[in-house]
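User: Please go through this model with me and say how each label was reached. I would like the cut-off stated beside the value.

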Amino acid sequence: MSAAILDGRVFAAEIARELGEHATARQTELGYTPTLAIVVVRDQIGDSASDVYVRQLRRTARQVGLNSRLVELSTRSTPTDVLDAIARLNDEPAVHGIIVQLPLPPHLGRDLLLDAIAPEKDVDGIGATNAGNLFLNLPAKVPATCAAVMELLDRTAVVLDGRRVVIVGASAVVGRPLALMLLRRDATVSVCHIYTQDLPTFTRQADVLIAAAGVPRLIRAEMVQPGAVVIDVGINVLADGRVVGDVDFEPVCSVAGAITPVPGGVGPLTNLMVMRQTLERITA
Ligand code: NAD
């Protein structure tokens with residue numbers, strides 16, 4: 001068997017078109033173009049992964065017809081400086097979305113943000129209110145990567161209710177929120193992590209296997225149920241510069257029913273999900 005390749009770039013083109021139409025409609029309704037604000041704490045612009053990500057995010061905003069604004073703070077900023085900048089964006093009506101580029105310098109830290117961004121503008125779902133709402137099954141903004149995984153599954157018409165889904169990775173930004181989103185869709189979800197014993201016993205039961213551990217080629221062919229849908233969230237840069245996922249792609253292709261490549265699977269959808277959550281004003 002050779003797995004169907006779930007090409008994120010094809011879905012991304014489709015979604016970008018839909019979001020473009022959505023953005024035009026919102027602009028007509030509001031009388032202005034909504035803005036996505038990106039807060040970056042750094043001392044110089046360079047070519048770090050973070051700078052590349054911010055440029056991509058702004059390009060995606062432009063592509064769908066949203067404004068974006070970079071709010072730059074120095075690494076000498078105090079927690080109060082960062083919180084003040086976020087508070088100003090919270091108060092600005094034309095700003096519909098706020099992203100704070102992570103990681104923050106250690107003296108600031110991610111926890112600083114948990115209650116800082118207004119929940120309805122927290123378009124990457126990092127705040128405590130959105131996380132709590134997701135837990136409580138209430139409307140919530142969710143981490144963009146998780147939204148991207150769900151979008152891929154839905155656009156591929158993967159049935160989730162009653163199916164066995166195994167997630168490898170239990171982080172607060174991917175594994176855990178994704179587990180809750182899949183539970184909402186009536187899947188039977190197992191979450192594995194670094195302390196899970198006998199990982200293959202779990203992964204082999206999966207109708208849908210989601211790898212989000214950040215370990216190159218962790219998922220080998222013998223760990224996959226024949227015909228399973230395999231979603232690879234991992235992004236790992238090898239010593240020779242190649243980017244690979246958490247799934248041993250070629251061998252797993254001969255077992256799985258469908259699989260996402262890396263790069264070109266989940267990644268292309270992620271920024272678009274930020275834009276979608278900027279356009280949809282879910283009141284958390
Ligand atoms: P993380 O380091 O915060 O969490 C990793 C999780 O995987 C932990 O729960 C850990 O216990 C588990 N894990 C690690 N090694 C394991 C092993 N050998 N067996 C089983 N479980 C193991 O990472 P993260 O931020 O959740 O990111 C995970 C991966 O997803 C990374 O490769 C990251 O680059 C990628 N990522 C991709 C996107 C995207 O848009 N595609 C977005 C965010 C993260």
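Analyst: Arg-217 sits in the loop between β7 and β8; helices (H or I, at least four residues) and strands (E, at least two) are DSSP runs, numbered from the N terminus. This is a predicted model, in which local features need pLDDT of at least 70 and side-chain atom pairs count only at pLDDT 80 or more, while totals for chains, interfaces and linings use all residues. Residues are numbered from 1 along each chain as its sequence is written, and side-chain values use heavy atoms, with hydrogens and water left out.

User: Why is Arg-217 called partly exposed?

Analyst: Buried means under 20% relative accessible area, exposed over 50%, and partly exposed in between (1.4 Å probe, protein chains only). Arg-217 has a relative accessible area of 37%, so it is partly exposed. Its phi is near 55 degrees, a positive value in a residue other than glycine.

User: Which residue in the loop between α6 (175–184) and β6 (188–192) is described, and why does Asp-186 count as buried or exposed?

Analyst: Asp-186 has its place in that loop. Its relative accessibility is 51%, so Asp-186 counts as exposed. Phi of Asp-186 is also positive, near 70 degrees, in a residue other than glycine.

User: Why does Ile-219 count as buried?

Analyst: Ile-219 is at 0% relative accessibility and therefore counts as buried. It is found in the loop between β7 (208–211) and β8 (229–232). Ile-219 and Pro-251 are 32 residues apart in sequence, and their C-alpha atoms are 9.9 Å apart in space.

User: Why is Thr-196 called buried, and what lies 2.7 Å from a polar atom of its side chain?

Analyst: Thr-196 has a relative accessible area of 19%, so it is buried. It lies in the loop between β6 and α7 (199–203). The backbone nitrogen of His-193 is 2.7 Å from a polar atom of the Thr-196 side chain. A polar contact is a pair of N or O atoms within 3.5 Å; within protein, one must be able to donate a hydrogen and the other to accept it, and residues adjacent in sequence count only if both atoms are side-chain atoms.

User: How do you know which residues surround the ligand?

Analyst: A residue is near a molecule or strand if one of its heavy atoms lies within 4 Å of it. On that basis 20 residues surround the ligand, the closest being Thr-145, Ala-170, Ser-171, Ile-194 and Thr-270.

User: Where are the cis peptide bonds at Pro-103 and Pro-263?

Analyst: One joins Leu-102 and Pro-103, with omega about 0 degrees; Pro-103 is in the loop between β4 (95–100) and α4. The bond from Val-262 to Pro-263 is cis as well, with omega near -5 degrees, and Pro-263 is found in the loop between β11 (258–259) and α9 (267–279).
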